[in-house]
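Please look over the sequence and the model before reading on.

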Amino acid sequence: MQDEPWHVKRRREIEAATPIKRKKVEPFVKVPLWWIAAAARHTRSPATLIMVELLRTSWKAKNLAFPLPNGRLEKLGVSREIKRRVLRDLERGGLIKVERRSRKTPIVTLVLL
């Protein structure tokens with residue numbers, strides 16, 4: 001070790017003294033859709049199911065903007081009136097943007113904060 005140049009020794013000292021920087025990772029939960037559907041039904045909160053469906057559909061489309069048809073939500077037990085109300089509330093809160101087209105499926109865009 002005495003034979004090594006001063007800059008190699010100094011670099012080793014700096015690397016030993018510097019704390020390791022860890023990347024901050026957002027908490028992530030993998031939840032089965034059937035469980036969310038059952039929880040929403042028992043808590044009488046279809047809004048929860050719609051919010052999870054928004055995230056699932058965005059992931060499936062591999063895009064932040066995607067269509068959200070009524071059929072899938074109706075199979076999960078959510079009426080189109082409730083869907084309309086929840087989308088309106090989320091849009092007012094600034095979490096999503098909705099492009100409403102006459103007699104067409106709305107295009108939802110998730111807004112990342």
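## Contacts and overall form

Of the contacts in the chain (heavy atoms within 4.5 Å) between residues at least 6 apart in sequence, 36% join residues at least 24 apart. The model is predicted: local features need pLDDT of at least 70, side-chain atom pairs count only at pLDDT 80 or more, and totals for chains, interfaces and linings use all residues. Residues are numbered from 1 along each chain as its sequence is written, and side-chain values use heavy atoms, leaving out hydrogens and water.

Five helices and three strands make up the secondary structure; helices (H or I, at least four residues) and strands (E, at least two) are DSSP runs, numbered from the N terminus. Their pattern along the sequence is α-α-α-β-α-α-β-β. The radius of gyration, taken over C-alpha atoms, is 24 Å, well over the 13 Å that the globule rule (2.2 Å times the number of residues to the power 0.38) gives for 113 residues, so the chain is more spread out than a compact globule.

## The sheet and its helices

The three strands form an open antiparallel sheet in the order β1-β3-β2, where pairing requires that DSSP finds at least two bridges between two strands. β1 and β2 stand at the edges with a single partner strand each, so one side of each lacks a neighbour in the sheet. Four bridges join β2 to β3, and V98 has V108 in β3 as its bridge partner.

| Helix | Strands | Angle |
|---|---|---|
| α3 (residues 46-61) | touches β1, β2 and β3 | about 105° with β1 |
| α5 (residues 80-92) | lies across β2 and β3 | about 125° to β2 |

Terms used. Axes fitted to C-alpha atoms, helices over the stretch in contact; angles between N-to-C directions.
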